[in-house]
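I opened the notebook for another model today.

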Amino acid sequence: MSDHDHTGEHEHGHGGYDVDPSHHHPPQPDLEDTPFSRHQLMQMAVTGLLIEKGIFSADEIRAQIEHMDTIGPARGAELVARAWVDDGFRTRLVADSKSAAAELGMDIGPIPILVMENTPDTHNLVVCTLCSCYPRFLLGIPPDWYKSRSYRSRAVREPREVLAEFGTEIGPDVTIRVHDSTADMRYLVLPMRPAGTQGIGEEALAKLVTRDALIGVTLPRMT
């Protein structure tokens, strides 16, 4: 799917860095009360066939799921922190995230992940309008709000308003680019390094990068 460029009309100034993103999550429906999606049904059917044909055992699939459950957004934050302190690595990360991640000993999985770099003129936001495609090898399990119908539809139609609900105000002179993830392509946001962080070590910088900043709904924390 193609990206969508939005330049909203609201007169917002540049928003401050979000200190506690969890306070700004918009209300979402109870996903357990909704029927299985077409993609969820397909996933269950394919899993059953793989086990039936002996390609993978149930134990192997379970072990992989358990491994995925251990992955969190710290991996993505580590990549961003390295990009902030090493311009060469930043260039390589944007050009080929898999190879760049391998430099840090990370396997980010078989699905390509495009790294979209925020600039003073452009803010990037990630969504999956069809289901919940997400860079799980870097960020772990997606939050419920990312999978909700509300976010999946509104992030494309009114991204500036959605960002404001997360406490993130983007100036009218900044273009918001919405990137629609698919089964064949995932996205990760490379936020801008916060002002005043010169001289801060890479490990401390990584702690400023939240999961939500890597999706694009918030900005990195201030020191």
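Is β3 largely enclosed by the rest of the structure or open, and how many of its residues are buried? I found six of the six residues of β3 buried, so the strand is largely enclosed by the rest of the structure. Buried means under 20% relative accessible area, exposed over 50% and partly exposed in between, with a 1.4 Å probe and protein chains only. Helices (H or I, at least four residues) and strands (E, at least two) are DSSP runs, numbered from the N terminus.

Before going further, a note on the ground rules. This is a predicted model, where local features need pLDDT of at least 70 and side-chain atom pairs count only at pLDDT 80 or more, while totals for chains, interfaces and linings use all residues. Residues are numbered from 1 along each chain as its sequence is written, and side-chain values use heavy atoms, with hydrogens and water left out.

**Entry: the strand β3**

I looked at which way the side chains go. Thr 122, Asn 124 and Val 126 point one way from β3, while His 123, Leu 125 and Val 127 point the other way. Next I checked the neighbour: β3 pairs with strand β4 (residues 175-180) in the parallel sense, over six bridges. Two strands pair if DSSP finds at least two bridges between them. Leu 125 has Val 178 of β4 as its bridge partner.

I also visited the loop between β2 (113-117) and β3 (122-127), where Pro 120 sits. Pro 120 is exposed, with a relative accessible area of 57%. Its C-alpha lies 9.3 Å from that of Asp 173, although 53 residues separate Pro 120 and Asp 173 in sequence.

**Entry: helix α3**

I took the length of α3 (residues 74-85) next. Its twelve residues reach 17 Å from first C-alpha to last, close to the 16 Å expected at 1.5 Å a residue; the expected span is 1.5 Å times one less than the number of residues. In α3 I found Gly 76, Ala 77, Leu 79, Val 80, Ala 81, Ala 83 and Trp 84 buried. The buried residues of α3 pack against several elements, among them α4 (87-95), α5 (97-103) and β5 (186-190). Contact means heavy atoms within 4.5 Å.

**Entry: the nonpolar core**

Which residues touch the most other members of the largest nonpolar core? Among its 48 residues, these are Leu 79, Leu 138, Tyr 146, Tyr 151, Ile 215 and Val 217. The largest share of this core, six residues, comes from α3. A nonpolar core is a set of buried Ala, Val, Leu, Ile, Met, Phe, Trp, Tyr and Cys residues joined through side-chain atoms within 4.5 Å.

Leaving out residues up to four places away in sequence, Val 217 touches Leu 125, Trp 145, Tyr 151, Leu 163, Phe 166, Thr 168 and Asp 212.

**Entry: aromatic rings**

Rings of Phe, Tyr and Trp (its six-membered ring) pair if their centres lie within 6.5 Å; planes under 30 degrees apart count as stacked, over 60 as edge-to-face and the rest as tilted. By this rule I counted five aromatic pairs. The rings of Trp 145 and Tyr 146 have centres 6.3 Å apart and planes at 75 degrees, so this pair is edge-to-face. The rings of Trp 145 and Tyr 151 are edge-to-face too, because their centres are 5.0 Å apart and their planes at 80 degrees. Trp 145 is buried at 5% relative accessibility, and Tyr 151 is buried at 3%. Ring pairs link Tyr 134, Trp 145, Tyr 146, Tyr 151 and Phe 166 into a cluster.

**Entry: salt bridges**

A salt bridge is a side-chain nitrogen of Lys or Arg within 4 Å of a carboxyl oxygen of Asp or Glu. My search of the whole structure gave nine.

- Arg 90 and Asp 87 meet at 3.8 Å, N to O. They are three residues apart in helix α4, which means about one helical turn between them.
- Arg 92 and Glu 103 meet at 2.8 Å, N to O. Arg 92 lies in helix α4 and Glu 103 in helix α5, so the pair ties together parts eleven residues apart in sequence.
- Glu 165 and Arg 154 have their closest N and O atoms 2.8 Å apart. Glu 165 lies in helix α9 (residues 159-165) and Arg 154 in helix α8 (residues 149-157), so this pair ties together parts eleven residues apart in sequence.
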